[in-house]
Amino acid sequence: MKYDLIIVGSGIAATALSHRILEKNRNASILMLEAGQKVKMQDAALWQDYIVSGKLPYAKFNDRPYPERDMPGQNQNIGETVVPLAGSRVMTYGGSTIHWGGWSFRLKPEDFFMETNTNTSINWPIDYDTLEPYYGEAEHYIGVSGDSEDNNPPRSSSYPFPAFPYTYEDSSVAAAIHALGMDFSNVPIARHGILSSTSFNAPCKTTGTCKYCPFGARYTATNFLNHMSDEKDYPNLEIRINCVVNTIDMNAKNKAKGITYYNKTTKETLSVEAKEIIVAGGAIESPKLLQRSVSEFWLQGIGNDDGNVGRYFVTHPYFIFTADIAENKSLKQPEMNFPTLCTRHFDNKHEQAKGKFILVHPPSSPQIDIAELMKSGNSRAEIDESIKGANTVQIHGMVEIFSEFNNYVANLANAKNQIGLPQTIVDYSKSPEFNDRMAYIQSKVERIFEQMDAKIQGKPTISWRADHSACTCRMSEDPKKGVTDKNMKLHGVDNIYVCSNAAFTSTGAINPTLTLTALSLRLGDHINEKLEA
Amino acid sequence: MSTKPVIHPLSQNLDTIEVEVFDTMFRLFEHIGVYWQNIDNSEPYRSELYVFMQNRINLYPIYHQYYKAAFNTINKMIVQMGEQACYQEIFTDPYANLPPVDTNLSIVRQKVSNEFIDFQLSLGGFKSFGATNYPGYIGGALIPGQPVPYRTMEKKT
Ligand SMILES: Cc1cc2nc3c(=O)[nH]c(=O)nc-3n(C[C@H](O)[C@H](O)[C@H](O)COP(=O)(O)OP(=O)(O)OC[C@H]3O[C@@H](n4cnc5c(N)ncnc54)[C@H](O)[C@@H]3O)c2cc1C
Ligand code: SF4
C-alpha cells in the first residue's frame, strides 16, 4: 500500500499537521511512525507519585547525561559549550510536549527580518503577516490562555481563553518593572479554560503539577493523538509506536519513494511507500535522519550537498538570577506551577543585533518549600519564621542566540540509545560576545531587584540545555543558505518536508512551539492542496 | 482522571491493607496535623489516605511491606516512649531522614511520614501557612464571576 503521507515522529508538529489534514480530508491515509512507546496519562497513582517523589513516568524516555569518567552515559558533546540533551526532549508517543511548560509566545514581526535589521544571519522566507492567521489558529488548537488586548505583536483574533491573572507573588516584580518605566504582560500559556461546549480537555484547575497534569488541561500531543485515534472517525490514520525510521529511500534525486523502519516489537525491518514524507522528529533527529539517508542520489545525505543539514544548531540559554530579600511579611508563597508575569520590554528591534531577551517571574519566587521544611523536622514556629523572614526571589529569562554554521548535530556512528535511535554528536561553542551580553542583561535585572529591595547574589546560573534546539534544517529561499524552502520542503526534492523547529531560520527570544504549531497548520493546508491536485 | 489504574504485576496478588495497619497509618497522618498545627480535623481525609496508600502499593508492591513495618515500629515506639514522644521522634530525628532507608525508623520517616506530609499539604494542609493555592492542591478553575483560586496581585483573597 502507498500512503498519502508518512510522518516520522508523533510530537506536536506531527499531531497538529495530521489534525489539519484530516479535518479537511478525513480519508487521507497517514502513517505516523514513532520510535518511542506510550505513557499512561491522567493516572491517579502516577500523579500522586509525582507529588510525593517528583518522579515522572516518562523520565526513562529522556536522553541520558553525557558520559563522565565513572559513568558510561550517552551521546557526545564535542564543542566548547556543553549543551545537554538529557532532559531536553522526550522520545515517546506524543513527543516532548508531555513535559513542556506551555509558554506560548508569538515571534515579533522584526524576528523575520534578522538580516535586514542586523546584517547578520538570514531573513525568514515568510513574514509575520503570513503567519499571523496561523498563530491565531494555533492558539485555538493548543488551547492558550492569554490577554487578547495585548497587541504586541499584533493579533487579529482573540485567545480562546482569558489570561490567568497575575499572582500575588508577582506584585513586587510588577511594581519594580513599572517603576522603571517598563511594561509587563501576561504569559500566554497552554492551559485550557472553561468552554461552553464539552471538550476532551478539562479546564485547568490550577493544581500546579503541570509536568503530569491529572486532568489533561495542559496541551500534550499525547492526549490529542489518543483523541484522534480513539474518538475521531479517521479510517486511514495509522500510528505505529516502537518503530524507528532508519532511512528515507529515494527513487530519484528529486523524489522520495518511502522510508525504511525497524519495528522493535516484531523485530522486523520494513519499507513503506508514500506520496509525501514529513520529517517531524524534532530539531535533533530530523537532520540526523536526512544525514544518514545516503544514496547514489545524495552522497552526503538528502538535501545535504552543501553540507547545511544539521548545521546552524542553536538553542536558548535559560538564565536564572537570584536575589536576597530581608523579609517576606506578606507571606508570599508559590501558589502556581506556571508563570503569569513576564516582560518583553527587551524583546524589540533595538535589542535585536545583540540578542533580544525576555524576563519571566517564575512561580517559585520567593523560594519557599513548606514540605521540605516539615520533612527536615522544623517546628511550626521555625517554619512560620522561615516564611516571613529572609528569603530569595528570582527572575528567569531567555536570550536570543545567533545560529552559526560551525555549530551542528550529527549521528554518532555505531551507538544507539535506549529508544533505538542513533546517539548524537553535539558540537556547539557559544560566541565570544555572549558573556558581555549576559553582563548587560544582569545590569537590567539588577535594577529590577534594586527596586524590590532585593540584593542580587551575583552572576546567573545558565542552562544551555537543548530544549529549544532549532535551525538545523533552516528555511531560506536560497538553497545555498538553507535546507528547506518557505513551505519547509527540502530544496531539490519534491516530496520531503521538515516539520520541526529545525526549519526555523532564527528563534527570537521566545519559546518555539506556538510558531512550530502555526507552521504545522500552514503546512497542513499546503499538503491538502497538493493531495487535492 | 483515568479509570483503568496502573498496577504493578506483583501488586495484583497482595492482600488489601489490614484494618489495624491502616488505623495506625491514619493516626500518623492525624499527628502531622497536630504536630504542625495545620489541620485540626483529619477525619474527612480518611478515605483519601486509604486510596493514596492503595495507589502507592499498586505502583510499588514494596509499600505493602513499608506500611506493615511502619505499623510495627510505631506501635513498639508508643509502648516504649508514649505517643507524643514517638511522633516527635518520627518527625524530627535527623538520622531517620538521611538516605539510605535502612532502619525501621527511616522507613517510617522517609517512606511513610514524609510522603504523608506531601499528601497532607496537597489536601489543604498548606492553607494555615497563609496561601490560597499550592502545587498539588486542586485549587479550581478560573470561572468568570467567581473568585480566582489563588491570591492575585490585585486582590489578596
Ligand atoms: C523542559 C522543557 C520545557 C519546554 N517548555 C516549552 C514551553 O514552555 N514553550 C514552548 O514553546 N516550548 C517548550 N519546550 C520545547 C517543546 O517541547 C518543543 O518545541 C516541541 O515539543 C517540539 O515538538 P516536535 O513535535 O517538533 O518534536 P518532539 O515533540 O520532540 O517529537 C519528536 C518525536 O519524534 C520521534 N522520533 C524522532 N526521530 C525518529 C525516528 N527516526 N523514527 C521514529 N520516531 C522518531 C521522537 O521519539 C519524538 O517522540 C520545552 C522543552 C523542554 C525540554
Ligand atoms: S495547573 Fe493543574 S490543572 Fe492546570 S495544567 Fe497544571 S496540573 Fe493541570
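A:N242 is buried, with a relative accessible area of 15%, which puts it below the 20% cut-off for that label. You'll find A:N242 in the loop between strand 7 (237-240) and strand 8 (243-252) of chain A. Its backbone is worth a look too: A:N242 isn't a glycine, yet its phi is positive, near 60°. Keep in mind that this is a predicted model.

- Look for B:Q37 in the loop between helix 1 and helix 2 (46-59) of chain B.
- Is B:Q37 buried or exposed? With 53% relative accessibility, B:Q37 counts as exposed, because the label applies over 50%.
- Chain A has a cis peptide bond joining A:S365 and A:P366, where omega is about 0°.
- A:P366 belongs to the loop between strand 13 (357-361) and helix 8 (370-375) of chain A.
- Over in chain B, the peptide bond from B:P99 to B:P100 is cis as well, and its omega is near 0°.
- B:P100 sits in a loop too, the one between helix 4 (83-92) and helix 5 of chain B.

**Chain B as a whole**

- Of the 157 residues in chain B, 48% are buried.
- B:H8 comes in the segment before helix 1 (19-35) of chain B, and at 28% relative accessibility it counts as partly exposed.
- B:H8 and B:P61 are 53 residues apart in sequence, but their C-alpha atoms are 7.0 Å apart in space.

**Helix 5 of chain B**

- Helix 5 covers residues 104-123 of chain B, which is 20 residues.
- From its first C-alpha to its last, helix 5 of chain B reaches 27 Å, close to the 28 Å expected at 1.5 Å a residue.
- Where is the kink in helix 5 of chain B centred? The spot is B:S113, and the kink is about 30°.
- Because 18 of its 20 residues are buried, helix 5 of chain B is largely enclosed by the rest of the structure.
- Just after helix 5 of chain B comes B:G124, with a positive phi of about 140°.

- Helix 1 of chain A (residues 12-24) has 13 residues and reaches 18 Å from its first C-alpha to its last, close to the 18 Å expected at 1.5 Å a residue.
- Helix 1 of chain A is mostly covered, with 11 of its 13 residues buried; among them are A:I12, A:L17, A:H19 and A:R20.
- Helix 7 (residues 282-292) of chain A holds A:L290, a buried residue with a relative accessible area of 0%.
- A:L290 and A:M41 are 249 residues apart along the chain, and 32 Å separates their C-alpha atoms.

**Around ligand 2**

- How many residues surround ligand 2? There are 14, and the closest are A:C204, A:K205, A:T207, A:C210 and A:C213.
- Sorted by class, the shell around ligand 2 has seven nonpolar, four polar and three charged residues.
- Ligand 2 takes up the space of the second largest cavity.

Technical notes: Residues are numbered from 1 along each chain as its sequence is written. Chains are lettered from A and ligands numbered from 1 in the order in which they are written. This is a predicted model: local features need pLDDT of at least 70, side-chain atom pairs count only at pLDDT 80 or more; totals for chains, interfaces and linings use all residues. Side-chain values use heavy atoms; hydrogens and water are left out. A residue is near a molecule or strand if one of its heavy atoms lies within 4 Å of it. On a 1 Å grid over the protein atoms alone, a cavity is a set of points where a 1.4 Å probe fits but cannot get out, and a pocket is an open set with protein on both sides within 12 Å along at least five of seven lines; lining residues have an atom within 4 Å of a point. A molecule sits in a cavity or pocket if more than half of its atoms lie within 2 Å of its grid points. Ala, Val, Leu, Ile, Met, Phe, Trp, Tyr, Cys and Pro count as nonpolar, Asp, Glu, Lys and Arg as charged, and the others, Gly among them, as polar. Helices (H or I, at least four residues) and strands (E, at least two) are DSSP runs, numbered from the N terminus. The expected span of a helix is 1.5 Å times one less than its number of residues. The bend at a residue is the angle between axes fitted to the seven residues ending there and the seven starting there. Buried means under 20% relative accessible area, exposed over 50%, partly exposed in between (1.4 Å probe, protein chains only).
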